[in-house]
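Colleague: I'd like to learn how to read a fold like this one. Could you walk me through it?

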Amino acid sequence: MKISVKDVSREMKSNIILDNINLEFESGKIYGIVGYNGSGKSVLFKCISGFYLVEKGTITVRGKMVGKDMDVVQNLGTIIEEPAFIKQYSGLKNLELLYMINHKKNREYVKESMRKVGLDPELKKPVGKYSLGMKQRLAIAQATMENQDILILDEPMNGLDKDGVEQMRKLFLSFKEEGKTLLLASHN
């Protein structure tokens with residue numbers, strides 16, 4: 001088992017956002033969390049990632065307790081809310097800068113990450129001029145480019161057209177076949 005959420009509760013400004021949540025997520029599977037906007041999906045994902053602490057209960061990822069054995073979960077690809085890209089840089093330049101934080105420069109690898117999500121790495125257009133769908137594809141490339149074994153993707157189909165949704169479904173299924181754990185949130 002890769003992720004365990006036991007009796008988790010979280011309040012924000014005296015509002016109960018998560019109330020005694022219990023979930024188990026196994027390796028090599030895709031899980032969908034569906035709920036209305038404001039129902040706590042993003043908060044749950046932030047708690048699992050270690051961005052928020054929980055008031056009650058425990059979250060365990062790969063056998064280690066979040067907030068006790070580790071603060072922020074490592075080897076985790078995430079899209080939670082709107083990713084922050086440098087708007088005047090191209091998509092390739094943005095991904096290269098992020099990739100070089102943990103790795104040596106490998107332009108071809110980063111280009112392939114963009115191609116996997118249907119973006120042209122040679123496009124010089126700054127990210128600030130990207131459509132919503134292009135930004136979403138870039139966010140998916142960013143979240144998946146380091147070959148993480150857990151992917152937490154909040155509304156990953158947001159802004160994608162029918163072909164883009166189908167392309168991402170195929171990509172997510174390929175990640176599942178590689179043994180990755182995917183948590184996807186949607187209001188649909």
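Predicted model: local features only at pLDDT ≥ 70, side-chain atom pairs only at ≥ 80, totals over all residues.

Colleague: Okay, so what is the order of the four strands in the open sheet, and is the pairing parallel or antiparallel?

Modeller: The order runs β3-β8-β7-β6, and the pairing is parallel. Each edge strand pairs on one side only; here those are β3 (30-34) and β6 (76-79). From one strand to the next, the twist averages 10°.

Colleague: Zooming in on one pair, how many bridges join β7 and β8?

Modeller: Five bridges, linking residues 150-154 of β7 with residues 181-186 of β8 in the parallel sense.

Colleague: Next, the helices. Which strands does α4 lie across?

Modeller: Helix α4, residues 132-144, lies across β6 and β7, and it runs at about 165° to β6.

Colleague: And the packing? Which residues touch the most other members of the largest nonpolar core?

Modeller: Leu-138 and Phe-172, in a core of 28 residues. Then ask who contributes: α2 (91-102), α3 (107-116), α4, β7, α5 (162-177) and β8 each give at least two residues. The largest share, six residues, is from α4.

Colleague: What does Leu-138 contact beyond its neighbours within four places in sequence?

Modeller: Its partners there are Phe-85, Gly-91, Leu-95, Met-114, Leu-119, Val-127 and Tyr-130.

Methods: Residues numbered from 1 in each chain as written. Heavy atoms only, no water. Pairing = 2+ DSSP bridges. Axes fitted to C-alpha atoms, helices over the stretch in contact; angles between N-to-C directions. Contact = heavy atoms within 4.5 Å. Core = buried A, V, L, I, M, F, W, Y, C linked by side-chain atoms within 4.5 Å. Buried < 20%, exposed > 50% of the residue type's maximum accessible area, 1.4 Å probe, protein only.
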